[in-house]
Amino acid sequence: MASLKTPTLKNPHLSLSSKSRLPSAFSPTNLRFPRSSTPQRRLLIITASDASLSNKPTVLVAEKLGEAGVTLLKQFANVDCSYNLSPEELCTKISLCDALIVRSGTKVNREVFESSGGRLKVVGRAGVGIDNVDLAAATEHGCLVVNAPTANTVAAAEHGIALLAAMARNVAQADTSVKAGKWQRNKYVGVSLVGKTLAVLGFGKVGSEVARRAKGLGMHVIAHDPYAPADRARAIGVELVSFEEAIATADFISLHMPLTPATSKMLNDDTFAKMKKGVRIVNVARGGVIDEEALVRALDAGIVAQAALDVFTEEPPPQDSKLVQHERVTVTPHLGASTKEAQEGVAIEIAEAVVGALKGELAATAVNAPMVPAEVLTELKPFVELAEKLGRLAVQLVAGGSGVKSVKISYATSRAPDDLDTREDCDLQRNASF
């Protein structure tokens, strides 16, 4: 009598009682053994497979993403589009996901990374700002954070200019007045932009695009950004100045900095007091960079003549917000990146970044890793692979506390000294002793 042994299946979700049927050729009822007068022992190995199961990674899209981006993701991964998840629901789902894509409305905090159980490898932020992602927790859990910093640059800059002009000419207030049956031409006399000084605080991608457009409107543009290169500012006719000089001389101030501990409530009672009386403020960056209660006080005191805001500390803001209801404040519901072109561009950019990261490729838009231009990444890729192999070798050599006691690294490059950031190499050299 032949014995039938069934090996333990490695996939705990699949058993011989699974709904997936085994091919008929392996059905026990179809087994035939040759006749023999001597009983023989035979080993029959049955393998089971399910076509619906795959090794594809799973990507959770927690906020609305353009169809082009979703389509790109589906070519590489299993995609779960689940919107409006509560924090508890997100923590429950995340343990089954390899990547997570969010916009600005989902908080990816430490609890999310802890709930992932180490499976979450990539968080993609469909946009520029990453203040809703706990970068420290992501790094601690070995999770790469990538964003989409270029696709919505022009859209955000255009919205900033739109708010600037609408505020200067009282467009929103006049529109409401006319629709209420009034005709108050004298009440809504505005100010001209030509010849006025615009201070751009934060001279990155969006800030520099706002500066270009403001120059086209005949404005004198100055900027403050401790990290911006002076030659790039000079190339478009912008002068870099100190923060104190910027806020003291500006007729208009446009905010374009990220929300960090250093920029939180950067505009407050003290800074408003140093501004030129009648200054006008535009914010399409992050709500938290302005102390909103202090702004209301500055408006009431006449220090700030008008404000145009696309972002708020709390979104959506409370319906009884004094700032939102203020007559001299123009507001929009975080529309900086809300154009059809930008939405599709952001979706594609973040999808490509997430897929590349899941493939183990170097990410040009990584936020918690050294920022390196895409063209340089291509050149560096073989050296990174070599470094990984050398690292594995070093671990084996020093295992058990014997053998190699220190490592000395020497390197050379044909690039100019300022062309690459070698701080990581220096750190590696300083920490090369075991």
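Me: Which residue in S4 is the bridge partner of Leu100?
Reply: This is a predicted model, where local features need pLDDT of at least 70, side-chain atom pairs count only at pLDDT 80 or more, and totals for chains, interfaces and linings use all residues. Numbering starts from 1 along each chain as its sequence is written, and side-chain values use heavy atoms, with hydrogens and water left out. S3 (residues 99–102) and S4 run parallel, joined by 4 bridges; strands are DSSP E runs of at least two residues, helices H or I runs of at least four, numbered from the N terminus, and pairing takes at least two DSSP bridges. Leu100's partner in S4 is Val123.

Me: Which residues point the other way from Val122 and Gly124 in S4?
Reply: In a regular strand the side chains alternate between the two faces of the sheet. In S4 (residues 122–125) all four named residues are buried, meaning under 20% relative accessible area with a 1.4 Å probe, protein chains only (exposed is over 50%, partly exposed in between). Opposite to Val122 and Gly124 point Val123 and Arg125.

Me: Gly124 stands opposite which residue in S5?
Reply: S4 and S5 (residues 144–147) pair in the parallel sense, over 4 bridges. Across from Gly124 is Val146.

Me: What is the relative accessible area of Ala214?
Reply: Ala214 belongs to helix H7 (residues 205–216). Leaving aside residues up to four places away in sequence, Ala214 touches Ile161, Leu198, Met219 and Val221, a contact being heavy atoms within 4.5 Å. Ala214 is buried, and its relative accessible area is 0%.
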